[in-house]
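Here are my notes on the structure you sent. Please read them with the model open beside you.

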Amino acid sequence: MNSIYSTIVSPVITEKATKISENNQFVFKVKIDSNKKEIKEAVEKLFKVKVKSIKTIKTKGKNKVFKGTKGRRSDYKKAIICLNKGEN
C-alpha cells in the first residue's frame, strides 16, 4: 500500500486538462502501480472532496533522439478524476 503523498505524483496542466476541469474533472499523473481504490483514497484525503468516478490511462514512453543520443521517455499513468456536483 502506497502513502497518499506518493500515490499522486503531479497534476497534469495541458489545454485538454484545463478544458475538462470546467466539467468537474481533474487530471493527475499517478504512480504506475497504483490502482483506482488507492487513487480515490488519496484524492479524498488530500483535497477533502468526494470522488464520483476515476478513469486511468497508461501511456507508453516514446523513443527519442537528442543530439545523436538515443533515449526513451519513461512510461506513466494518468488518472482522470470526476468529482460530485458542488465539489471543487
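1. Strands S4 and S5 pair in the antiparallel sense over four bridges. Helices (H or I, at least four residues) and strands (E, at least two) are DSSP runs, numbered from the N terminus. Two strands count as paired if DSSP finds at least two bridges between them. S4 and S5 form a hairpin with two residues between them. Within this pairing, Val65 stands opposite Lys70 in S5.

2. Basis of the model. This is a predicted model, where local features need pLDDT of at least 70, side-chain atom pairs count only at pLDDT 80 or more, and totals for chains, interfaces and linings use all residues. Residues are numbered from 1 along each chain as its sequence is written, and side-chain values use heavy atoms, with hydrogens and water left out.

3. The turn residue. Lys67 is found in the loop between strand S4 (63–66) and strand S5 (69–72). Its phi is positive, about 50 degrees, although Lys67 is not a glycine. Buried or exposed? Lys67 is exposed, with a relative accessible area of 74%. The classes are: buried, under 20% relative accessible area; exposed, over 50%; partly exposed, in between (1.4 Å probe, protein chains only).

4. Asn24 sits in the loop between helix H2 (15–20) and S2. Asn24 counts as buried, at 18% relative accessibility.

5. The sheet. An open sheet of four strands has the order S1-S2-S6-S3, with antiparallel pairing. Its edge strands are S1 (8–11) and S3 (51–59), each of which pairs on one side only. Neighbouring strands of this sheet are turned by 30 degrees against each other on average, direction ignored. Axes here are lines fitted to C-alpha atoms, for helices over the stretch in contact, and angles run from 0 to 180 degrees between N-to-C directions.

6. Pairing with S6. Eight bridges join S3 to strand S6 (residues 76–83) in antiparallel fashion. Six bridges join S2 to S6, also antiparallel. Lys55 stands opposite Ile80 in S6.

7. Which strands does helix H3 touch? Helix H3 (residues 36–47) packs on the sheet and touches S1, strand S2 (25–30), S3 and S6. The direction of H3 makes about 125 degrees with that of S3. Contact means heavy atoms within 4.5 Å.

8. Nonpolar cores. A nonpolar core is a set of buried Ala, Val, Leu, Ile, Met, Phe, Trp, Tyr and Cys residues joined through side-chain atoms within 4.5 Å. The largest one has twelve residues, including Phe28, Ile39, Ala42, Ile54 and Ile81. S2, H3, S3 and S6 are the elements that give two or more residues to this core. Apart from it lies another core, of five residues, among them Val12, Ala17, Val27 and Ile80.

9. Ala42 touches Ile4, Thr7 and Ile8, not counting residues up to four places away in sequence. Thr7 belongs to helix H1 (residues 4–7). Thr7 is buried, at 1% relative accessibility. A polar atom of the Thr7 side chain lies 2.8 Å from the backbone oxygen of Ser3.

10. Salt bridge. How many salt bridges does a search of the whole structure find? The search finds one. Asp75 forms a salt bridge with Arg72, and the closest N and O atoms are 3.2 Å apart. The criterion is a side-chain nitrogen of Lys or Arg within 4 Å of a carboxyl oxygen of Asp or Glu. Asp75 counts as partly exposed, at 34% relative accessibility.

11. A loop contact. Ile32 lies in the loop between S2 and H3. Leaving aside neighbours within four places in sequence, Ile32 is in contact with Lys58, Asp75, Tyr76 and Lys77. The C-alpha atoms of Ile32 and Lys77 are separated by 5.2 Å, while the two residues are 45 residues apart along the chain. Ile32 is partly exposed, with a relative accessible area of 40%.

Conventions: Polar contact = N/O pair within 3.5 Å; in protein donor to acceptor, adjacent residues only side chain to side chain.
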